[in-house]
Amino acid sequence: MELETSDCAYTGTEDHNIPIDLFGSKKHAGVPRGILSFTDASGNIVFKVHRQPPNPTSSSPPKDTKLLLDSNNNPLFSIHRYQNGTWKCYKGSGDENKELVFGVKRSVKTLTRVELEVLISGERLNDDVFDLKVLGSPFKRSCSIYKDADLVAQSSLMYKLNQIYVRRGKFRLTIFPGILDHSLIVALFVIFLNGRK
């Protein structure tokens, strides 16, 4: 399924046939400490993730809400996590009355492994047919995102030669060429990092 790219979507390089790397950390220059942000290979901030306080007037309040912002602080997606292990992602800022982009449900949760099933335009959240699958270990910050049998994106910790202990605070998200919006992939990765909870 194709997803329209947002107006503020990060396009990476001009050549859409090569993978791009985004580097995630909570310690980037120009961003308050503790805010997860993603930079490109040049060190420019591309995406930021802000936690939003819960809305007490909502009929079924989400347990946690996060906003995915672009480099100009424009809200791209609001990500709502619910008690039953599901997530819903809406376009724009945190209002649940906006357009639903996708829904996610956790299919496997063990100490070392999480599997998430993603349904684009989450109207079919209870169906057994899913559009994307996210597999990996949030503790190791490593996951793979698949569309059918095709690898869409992959993440890993930042390893260095001769490094005995690998810090979990910095990681790489590689997005392979395809039809999915980069901001949607980053939103899925943010959900994946919270998949253990």
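Me: Contact means heavy atoms within 4.5 Å. Not counting residues up to four places away in sequence, which residues does Thr39 touch?

Reply: This is a predicted model, in which local features need pLDDT of at least 70, side-chain atom pairs count only at pLDDT 80 or more, and totals for chains, interfaces and linings use all residues. Residues are numbered from 1 along each chain as its sequence is written, and side-chain values use heavy atoms, with hydrogens and water left out. With residues up to four places away set aside, Thr39 touches Asp21, Leu22, Phe23, His28, Asn44, Ile45 and Val46.

Me: Is Thr39 buried or exposed?

Reply: Thr39 sits in strand E2 (residues 36-39); strands (E, at least two residues) and helices (H or I, at least four) are DSSP runs, numbered from the N terminus. Its C-alpha atom is separated by 5.2 Å from that of Phe23, 16 residues away along the chain. Buried means under 20% relative accessible area, exposed over 50%, and partly exposed in between (1.4 Å probe, protein chains only). At a relative accessible area of 5%, Thr39 is buried.

Me: What pattern does the protein follow along the sequence?

Reply: The protein has one helix and 12 strands. Read along the sequence, the pattern is β-β-β-β-β-β-β-β-β-β-β-β-α.

Me: Which residues touch the most other members of the largest nonpolar core?

Reply: A nonpolar core is a set of buried Ala, Val, Leu, Ile, Met, Phe, Trp, Tyr and Cys residues joined through side-chain atoms within 4.5 Å. In soluble globular proteins, nonpolar side chains tend to be buried together. The largest core here holds 41 residues, and the members that touch the most others are Leu22, Phe38, Phe102, Leu173, Leu184 and Ile185.

Me: Which element supplies the largest share of this core?

Reply: Leu173, one of the residues that touch the most other core members, has contacts beyond four places in sequence that include Leu22, Phe38, Ile185, Val186 and Phe189. The largest share of the core is 10 residues, and these come from helix H1 (residues 182-193).

Me: Why is the ring pair of Phe171 and Phe189 classed as it is?

Reply: Rings of Phe, Tyr and Trp (its six-membered ring) pair if their centres lie within 6.5 Å; planes under 30 degrees apart count as stacked, over 60 as edge-to-face and the rest as tilted. The structure has four aromatic pairs. The ring centres of Phe171 and Phe189 are 5.2 Å apart and the planes lie at 50 degrees, so this pair is tilted.

Me: Which residues do ring pairs link into a cluster?

Reply: Phe171 is buried at 3% relative accessible area, and Phe189 is buried at 0%. The linked residues are Phe38, Phe171, Phe189 and Phe192.

Me: How many disulfides does a search of the whole structure find?

Reply: A disulfide is a pair of cysteine sulfur atoms within 2.5 Å. Cys89 is buried at 0% relative accessible area, and Cys143 is buried at 2%. The number of disulfides found in the whole structure is zero.

Me: How far apart are the closest N and O atoms of Glu99 and Lys91?

Reply: A salt bridge is a side-chain nitrogen of Lys or Arg within 4 Å of a carboxyl oxygen of Asp or Glu, and by this rule the count is six. Glu99 is partly exposed at 48% relative accessibility, and Lys91 is partly exposed at 35%. The two residues form a salt bridge, with their closest N and O atoms apart by 3.9 Å.

Me: Which residues are linked with Lys133 in a network of salt bridges?

Reply: Lys133 forms a salt bridge with Glu115 at 3.5 Å, N to O. Lys133 lies in strand E9 (residues 132-137) and Glu115 in strand E8 (residues 114-120), so this pair ties together parts 18 residues apart in sequence. Lys133 also forms a salt bridge with Glu117, with the closest N and O atoms 3.7 Å apart. The residues linked with Lys133 in the network are Arg113, Glu115 and Glu117.
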